[in-house]
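Please study the sequence and the structure before reading each solution.

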Amino acid sequence: QEIFVSFSEPRDGGNGTSVARAKLVQDDKGARLEGLTVIFRQTPAFRGNNHFGSRLVFGPKGELFVTVGERSNAAVRVQAQDIASGLGKVFRIDRNGAALPDNPFVSTEGALPEIWSLGHRNMQSATLDGQGRLWTVEHGPRGGDELNRPEAGKNYGWPEVTYGIDYSGAPIGAGKTAEIGTEQPVYYWDPVIAPSGMAYYQGETFPHWQGTFLVGGLVAQAVVVLHMENDRVVAEEHVPVGARVRDVKAAPDGSVLVVTETRGGSSRILRLTQPS
């Protein structure tokens with residue numbers, strides 16, 4: 001069985017988000033990864049500790065979407081707008097790490113051919129909906145967490161357009177919340193939930209959650225349930241779990257698995273089931 005992972009990788013000039021592929025082997029010696037091979041590296045490297053992203057989502061045609069961050073620092077976050085840079089992007093690659101031939105910037109001189117969309121901040125949430133379309137939730141600064149449906153070649157604004165402000169209280173750039181040539185978020189939060197991990201629910205255990213997005217909230221310390229109609233959020237529900245939520249998965253039996261963490265570093269996996 002193959003397994004794909006993303007991780008922060010030290011490199012010449014700093015570090016960056018990388019994607020690796022390996023074989024998951026399970027035998028009487030336990031479980032281990034064999035043949036670990038890095039298939040994709042976000043460039044350029046940057047010497048920093050923040051905003052690596054990242055989530056991996058396989059699309060309906062076997063393509064691999066990779067979300068990354070823009071590394072936070074004001075001097076480099078502007079590269080989220082640069083298609084020659086891999087900061088603040090969604091990438092779309094094959095299982096070997098190569099750009100797909102129908103990616104939007106494959107024929108654009110100087111552009112990274114793996115780019116699918118640009119202008120993102122720090123995406124730690126991503127999943128497919130029931131139609132096989134990619135959705136993401138990215139961290140804003142103070143305010144401005146965003147739900148987006150990234151589409152080929154589109155620009156989602158960061159850092160030139162945002163509904164958040166700097167942690168100091170100052171505006172980001174010119175303080176714009178809209179700009180011609182950039183996409184508006186489907187939904188945004190102010191104050192933030194600090195998103196991490198995301199699932200689309202189609203199970204039968206929670207019938208009132210059919211067709212919802214389940215988003216992990218670090219600051220919210222809850223599973224944030226987004227009820228959708230016609231690709232818009234019509235209601236938001238919080239299920240408190242009393243800890244930071246790192247990931248959310250819908251289990252085959254219709255229950256919901258929630259990975260939590262505390263500031264001290266401990267972690268638990270919770271299972272949400274239908275109340276009796």
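A contact here means heavy atoms within 4.5 Å. The structure is a predicted model, in which local features need pLDDT of at least 70 and side-chain atom pairs count only at pLDDT 80 or more, while totals for chains, interfaces and linings use all residues. Residues are numbered from 1 along each chain as its sequence is written, and side-chain values use heavy atoms, with hydrogens and water left out.

**Exercise 1. Describe the overall build of the chain.**

Step 1. Begin with the secondary structure: the chain has 1 helix and 18 strands. Helices (H or I, at least four residues) and strands (E, at least two) are DSSP runs, numbered from the N terminus.

Step 2. Along its principal axes, the C-alpha trace spans about 55 × 45 × 40 Å.

Step 3. Consider the contacts. Of those with a separation of 6 or more, 51% are between residues 24 or more positions apart.

Step 4. Consider burial. Buried residues make up 50% of the 276 residues; buried means under 20% relative accessible area, exposed over 50%, and partly exposed in between (1.4 Å probe, protein chains only).

**Exercise 2. Locate the cis peptide bonds and the positive phi angles described below.**

Step 1. Recall the background: most residues other than glycine have a negative phi, and most peptide bonds are trans.

Step 2. The peptide bond from tryptophan 158 to proline 159 is cis, with omega near 0°. Proline 159 belongs to the loop between strand S10 (145–148) and strand S11 (187–189).

Step 3. Another cis bond joins aspartate 190 and proline 191, where omega is about 10°. Proline 191 lies in the loop between S11 and strand S12 (195–201).

Step 4. Histidine 51 has a positive phi, near 55°. This histidine 51 sits in the loop between strand S3 (30–41) and strand S4 (56–58), and at 15% relative accessibility it counts as buried.

Step 5. Glutamine 221 also has a positive phi, near 50°, and its place is in the loop between strand S13 (212–217) and strand S14 (222–229). With a relative accessible area of 34%, glutamine 221 is partly exposed.

**Exercise 3. Trace the salt bridges around glutamate 9, then those elsewhere in the chain.**

Step 1. A salt bridge is a side-chain nitrogen of Lys or Arg within 4 Å of a carboxyl oxygen of Asp or Glu. The structure holds 19 salt bridges.

Step 2. Arginine 11 forms a salt bridge with glutamate 9, their closest N and O atoms being 3.2 Å apart. Arginine 11 is buried, with a relative accessible area of 19%, and glutamate 9 is buried at 12%.

Step 3. Arginine 41 also forms a salt bridge with glutamate 9, with the closest N and O atoms 2.8 Å apart. Arginine 41 lies in strand S3 and glutamate 9 in strand S1 (residues 2–11), so the pair ties together parts that are 32 residues apart in sequence. Arginine 41 is partly exposed, at 41% relative accessible area.

Step 4. Elsewhere, arginine 32 and aspartate 27 meet in a salt bridge (3.0 Å, N to O). Arginine 32 is partly exposed at 30% relative accessibility, and aspartate 27 is partly exposed at 34%. Salt bridges that share partners join Asp129, Arg133, Arg149, Glu151, Lys154 and Asp231 into one network.

**Exercise 4. Determine whether arginine 92 is buried or exposed, and list what it touches.**

Step 1. Find the position: arginine 92 lies in strand S6 (residues 89–93).

Step 2. Apply the burial cut-off: at 6% relative accessibility, arginine 92 counts as buried.

Step 3. List the contacts. Leaving out residues up to four places away in sequence, arginine 92 touches Glu63, Leu64, Phe65, Ala98, Ala99, Leu100, Asp102, Asn103, Glu114 and Trp116.
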